[in-house]
Each structure stands twice: as C-alpha cells, then as structure tokens.
Amino acid sequence: MAVLLRTLLQPGRPPGVLGRSLGRREASLSTGSGVAVRVRFAPSPTGFLHLGGLRTALYNYLFAKKHGGSFILRLEDTDQTRLVPGAADNIEHMLEWAGIPPDESPHRGGPRGPYLQSQRLELYAQATEALLKTGAAYPCFCSSQRLELLKKEALRSRQTPRYDNRCRNLSQRQVAEKLAKDPKPAIRFRLEEEAPAFQDLVYGWNRHEVASVEGDPVILKSDGFPTYHLACVVDDHHMGISHVLRGSEWLVSTSKHLLLYQALGWPPPRFAHLPLLLNRDGSKLSKRQGDIFLESFAAAGFLPDALLDIITNCGSGFPENQMGRTLPELVAQFDLTRITCHSALLDLEKLPEFNRLHLRRLVSNETQRRQLVEKLQLLVEEAFGSQLPDRAVLDPAYVERIILLRQGHICRLQDLVSPAHAFLWTRPAVGRTQLGAISEQVDVIAKRVLRLLEGPGASLTQDVLNAELKKLSEGLPGTKHSNVMKLLRVALSGQPQGPPVAEMMVSLGPKEVRERIQKVLSS
C-alpha cells in the first residue's frame, strides 16, 4: 500500500487516453495457431463443489485435452469473509474424484503459481500501481455509509444502483489531503465511455457499454485485496490463459475486463461463455439444495462417469445427445463451436438410469469389477456388521457372483445392501406358521427342493432351475406355481417380493439354500 500511496501523489497522464483502435482489439482476441491452449477453472471456496461448477470445470478440461493443452485450477479466495472451512480442499478433491484432475493447482503446484489468489497480492498491487500511474485508476475515499445511501436512493427512485464517480476528478492536492486522513483508500478503475466489442466463441459479437449503466468499479479494496474484476485479469495474464470458458453470468462483465486488459497493455484471451445449467423446470440450481453438491452424489453411490455423462447429455457441445459416453469419448467428441446459447435443463430423475448404464460398464471390466467387489465388501460390513452369519458371505467369489447376477437390476452398488437385498448377507427368521399361510404343502415343497439340489443342482443355471421348479409345481395337485414360488421366496429371503427364485438360489449357492430350507423343516 505504501508504494501505491507514492503513486497516488505522482502526476498521471490525463484520463481517457487508452488505446482506441477497435481493429487492434479484435486482432488481439485471436491467440494464434502457435499459442498453447491453457484454460482455468477458478471457483471461489465459499462453498463446496456443486453440479454447476462441475460442468464448467468439465468443459474446460475437455477443451484442454481436446487441444493438447493444460487445465488449471485457481482458487479465488480474496473475499476472506465468505470462505468456508474445507471448501478449497473439497473442490480439488472432488475434481480428482470426478476423474478430471487439474494439471496445475494449489495441491499439485505448477510453473505459474501460487494458485491461491490470497498469495498473489503483490501482483495485484503492481497492476494497480501501473493503472494509477497512467490515470486509468484513482483512489476512492467514499465511506461505506455514503455508498449505501447512494444504493438506497437509487432503489427508491427505481434506478439501477451505481457509484456516482465522486472521487474520479479529485485534484492532487485533494488526494493528498484525504490520504493524510485516510491512508488506505479503495482504488477504482476509470471506465471508458466506449467499451470494446468482442467476439464470444458461444454468443458471437457483443458490446456492453458498462460506463453508461454503472459507476467506476473498485478494483482494489482498502484492505489490499483485489475484487474479482482485477484479480481475474491479472491472473489470467500472468498464468498465460489462452481461453476463458466461464458461466454466461459473466458475459456482461467481459467488456469491463477488456478495458482493464487494454489499460494494462496486455493481449486478452479468447472468451467463451457457457449457458446456464438449470433444473428441468427451468429454475436455477440452488446451492442451498444439499443434493447438488458432489459430495452428496459420491456418498449416495453415484459414479463420476454418470454425473459427467448426464451434465453433458442435457447440454450442447457434441454432435448428438448420446447416453453412456465415457470421459475419453467426451474428450474426442467435444466441439466448442457446437455449444449453443440455450440453457441446459438437467433432469436428475434420470441419473439412476445413467448410473445403471455406467455401473454395468464397470462390471464388464475385470479389473474394475474387482474394485467393485472390494467396495461392496466394505458396504456389507458397514451395513450388517455383527449380523453376518459368517465370513463366507464376504468371500470375493460370492460377492462377485452377486454383482454379476444383479448388475442389470440395480442402479447403485449401495442397492445391494438395501433391505430388499439383506437376504444375500443375513439369514431371515422365517417360521413354519408364516409359510403355512401361503401353502399347506410346506414339507413336500421343501423336500422336493432339497432332492433337486442333491444331484446336479450344485451347477444348475437359472434357466434349468426355472424349468425344474416348474416341474416341481406341476407335481403338486391343487397348488399354484405362483404360490410355490412365493413360499420359496419367503423361505429364502423372508420377503414376499424380490428377485426371481431361480436367481436367488443361484446367488446363495446350493449349500446356503439347503441350510435355509432345512431350517424351515426343523422349525
């Protein structure tokens, strides 16, 4: 701040003498074929990573990988009053979990660090000093009370609140007098009357006359921390960012940012503003809804690939909507020129089906299936613990068999430890009275099933078992096949509904089926 104060007291050039060549501005928007692609995801750690943030990060990642470039994570933590403990670590951890890790980040480091804005204050001070020297910026001594009154008066008059630029034309003598009383003023950027036009890679040509609708913005607060407008420009320049892919809510601020680039004499990156990700009914995703945070999806057992698939399936940027794309396929098919201006409507009710598809893909891969087996073993121990009859139910071969048999019927691995599947891991408490209410032929049915398993039944398939059970029912006069199946289902699982009986028998295996049937006979 001391350096800035010296700058404030030096004569600067008259305001409004920034470059005016629109042609040069347009030319500067092109990075050229020889410039390496470098993109960034720059969230504020004022909350945990949610679906909207994941989509922005994903599109940056896809663009970088598509063009052999780098994907950078930068955390914009300059608003120290709103930081949420653990949010910074959560954001990077969830990007890793989602399979789109940054190439450079606070944890990984990199050649253009540090990657926390709170550790880059010197760069913002240097940029501010340069702007003050040229007269493109000036100190503002207005109190927060005065600014609040301006805002209230504008709202009362049904006008857009804006700063009235009161401190813009203070003389050097006035600045010196005020500095003696207030040595830490805020610094504002002098907006040009003619904002530069720019060609957004999604929304096309744009120009926002920011000076006519808002006052000169604060770029450096009195505490030495920058506002978003200065920080993102300074960081994107020093980090060599070639393309800025960010939410469309920043589209109207881009002219302001281009004025800053122009005043600092830096070539700007190319801009691509991404349409909003909305709920199916067109309402905005709310961060207050806990279920939009990635941690919630991970804890609920949803797969990263399913989330990446659904948030790209509902939007644009690909040749066609196609369910089931993997990350390598997303990279190969991504095309920035195909992104439209229409908001993407996200239907989270379809997420279980997306997850079912990607879960089956994992099951079909032997290495990934082994990982699923290990995860399910942990889920079973956590869900049932001391209720497990013995360690045999955690045998990898048994757990793998369950996954293979149920893969098309479940959406998440967690479904296999739901009450409907508890019979796979614990033995039900079923009495003869309960079964007798279904059929009077309890003993006959039980003995016939045992005989079926004494022979080649140990290797019977579902198809063969279905045929044999059909024959078993036909040999029982006055007993419907449906009642026989219901009785066996209750005997094996304790539940009147569930998977087909033949599948249950194959899942449990002949030894366990015999024990459960014999228990019925002895009860």
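These legends describe close-up views of a predicted model. Local features require pLDDT of at least 70 and side-chain atom pairs pLDDT 80 or more, whereas totals for chains, interfaces and linings use all residues. Residues are numbered from 1 along each chain as its sequence is written, and side-chain values use heavy atoms, without hydrogens and water.

**View 1. The aromatic pair of Phe-297 and Phe-302.** Rings of Phe, Tyr and Trp (its six-membered ring) count as a pair if their centres lie within 6.5 Å; planes under 30 degrees apart are stacked, over 60 edge-to-face and the rest tilted. Six aromatic pairs are found by this rule.

**View 2. Arginines over rings.** A charge sits over a ring if NZ of Lys or CZ of Arg is within 6 Å of the ring centre and within 35 degrees of the ring normal. Arg-412 lies over the face of Phe-302, 5.9 Å from the ring centre. The charged end of Arg-55 is 5.0 Å from the centre of the Tyr-59 ring. Tyr-59 also belongs to a cluster linked by ring pairs, together with Phe-318 and Phe-334.

View 3. Six residues of domain 1 contact four of domain 2 (heavy atoms within 4.5 Å). Between the two domains there are zero salt bridges (side-chain nitrogen of Lys or Arg within 4 Å of a carboxyl oxygen of Asp or Glu).
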